[in-house]
Amino acid sequence: MTDKIIELLKKSEADAYSVSSKVTEGWEFYFIKHQLDQNRVRDVEHINVTVYKKLEDGKFLGSASEEIAPTASEEEATKIINQLCERASLVKNPYFELNKEQVEVESKEYDPEKMAKDYIEAMQQIPETSGEDINSYEIFVEVCKKRFVNSEGIDVTFSYPNSAVEVVVNARNKDHEIELYRMYKSGTCDKEYLVRELTETLRFGKDRLNVKPTPALGKASVLFSTEDAGSIFSWVAAKMSAAMKYRGYSNWEKGKEILSDVKGDKITLKARRELPNSSTNFAVDEEGAKTRDMYIVKDNIAENFWGGCQFSYYLGLKDSFIVQNFEAEGGSQTEAEVRQGQYLEPVEFSDFSVDQLTGDIAGEIRLAYWHDGDKVTAVSGGSVSGNLSELLKNIKMSKETKQYNNIIVPSVLRLEGVTVAGVE
């Protein structure tokens, strides 16, 4: 159907076009405790089309996108394409150029059956007890074959694995019972990582049954040792995106420091073509641009903005692309050294958010550990807040790193002067 759509686009009034098709073979398993409740196999295809129209003698370039079903008739597809052309003529974006470079891709094969088997075996290795156990879990494994074609001559096809497991953990004592939810995403299954993470989640569940109120610490040292650390570096990445820069939401300048008066570790953030077992190891981005390793920020200096073809063209960026994998380098101290002294270590938030525009962070604490010398107390309630533009100036990062699907970050981050509103 993709080839038929391309033929119809060539005959249409579109001045340019792109077509992205994805065929997914998916296996799904649903368990209650460790008893299989149901399973199914999916084989689906999605085709997304974008058309472009030049306006006012090429001064502007409008665009419109829509999905066309692989089962659509030629008449139905033609109707949608004509509607897209009409919609695109109503959009006045300043002119930009589509990607042109053809990319050679190495063919790879993946086995969804083995991926599913690895997940099931990993879940059976979780060290459950009478007080903490697995309530239920769902396994989703996919092998995706993606093709991208545009009117500038790009025609590339590649395959990649994509998987996830959703887990509900229960912890109980004689007084009450609580529930924790987790979702882990990756390429294929990393057994060791999954077992380690869920073992720690069981411990968190046990500790949440016996918590004290979070003390009102005012300004305090706060240590991040979970996936929430990735959100902090995502803000750095967002500030270096071409879209944010063009729209005036980022005042960072290439070749200059991103933060002034830095007294802590300096941030280095890289784009990575591939990361071990990432679910986003794409040969090209969603617009057909070749992906590669690249410094985004190096030792607190802005190195390269990144982004899609539209905003990259506006900024005059060459060989830019939409980054799928990120790696933040570790700091100057070991994890043990970063963990010295007093600090609060939140490990469960009701929600931890980072405002991509302002850099404000906020999270309501469900479980944290207050480290006061040799004494560690599980606490709950209250919140943490602050602004990354200031907090990152004094950040301490461990040399050791940890991967969360498509991002690698230091295993622990320590921010000084975070506002901790307690309940005591």
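This is a predicted model: local features need pLDDT of at least 70, side-chain atom pairs count only at pLDDT 80 or more; totals for chains, interfaces and linings use all residues.
1. The buried residues of α5 are D228, A229, G230, I232, F233, W235, V236, A237, A238 and K239. The list includes the charged residues D228 and K239.

2. Helix α1 (residues 2–11) has its buried residues at T2, I5, I6, L8 and L9. These residues lie on the same side of α1, because the arc they cover around the axis is only 165°. The face turned away from that buried side carries K10 and K11, which are exposed.

3. Another helix, α4 (residues 191–208), contains L198. L198 counts as buried because its relative accessibility is 0%, and the cut-off for a buried residue is under 20%. Along the chain, L198 and R182 are 16 residues apart, and their C-alpha atoms are separated by 8.5 Å.

4. The salt bridges of the structure number 33. One of them joins E28 and R42, with 2.4 Å between the closest N and O atoms. E28 belongs to strand β1 (residues 16–32) and R42 to strand β2 (residues 35–55), so this pair ties together parts that are 14 residues apart in sequence. Both E28 and R42 are buried.

5. A further salt bridge links E274 with K108, where the closest N and O atoms are 3.2 Å apart. E274 is placed in the loop between β9 (269–271) and β10 (294–298), and K108 in the loop between α2 and α3, so the parts tied together here are 166 residues apart in sequence. E274 is partly exposed, because its relative accessible area is 33%. K108 is likewise partly exposed, with a relative accessible area of 31%.

6. The salt bridge between E253 and K245 has its closest N and O atoms 3.0 Å apart. The two partners fall into separate accessibility classes: E253, at 38% relative accessibility, counts as partly exposed, whereas K245, at 18%, counts as buried. The value for K245 should be read against the cut-off, since buried means under 20% relative accessible area.

7. Salt bridges also form a network, whose members are K270, R272, D293, E327 and E329.

8. D111 counts as partly exposed because its relative accessibility is 40%, and partly exposed covers the range between the buried limit of 20% and the exposed limit of 50%.

9. The backbone of two asparagines deserves a comment. Most residues other than glycine have a negative phi. N277 has a positive phi, near 65°, and is not a glycine. N277 sits in the loop between β9 and β10, and it is partly exposed because its relative accessible area is 25%. The loop between β9 and β10 also holds E274, the partner of K108 in the salt bridge described above.

10. N300 likewise is not a glycine, yet its phi is positive at about 75°. The residue occurs in the loop between β10 and β11 (301–302). N300 counts as buried because its relative accessibility is 2%, whereas N277 is partly exposed.

11. Toward the end of the strand numbering considered here, G422 is placed in the segment after β20 (413–421). G422 is partly exposed, with a relative accessible area of 26%. The C-alpha atoms of G422 and G131 are 28 Å from each other, and the two residues are 291 residues apart along the chain.

Technical notes
Residues are numbered from 1 along each chain as its sequence is written. Side-chain values use heavy atoms; hydrogens and water are left out. Buried means under 20% relative accessible area, exposed over 50%, partly exposed in between (1.4 Å probe, protein chains only). Helices (H or I, at least four residues) and strands (E, at least two) are DSSP runs, numbered from the N terminus. The arc is that of the directions from the helix axis to the C-beta atoms. A salt bridge is a side-chain nitrogen of Lys or Arg within 4 Å of a carboxyl oxygen of Asp or Glu.
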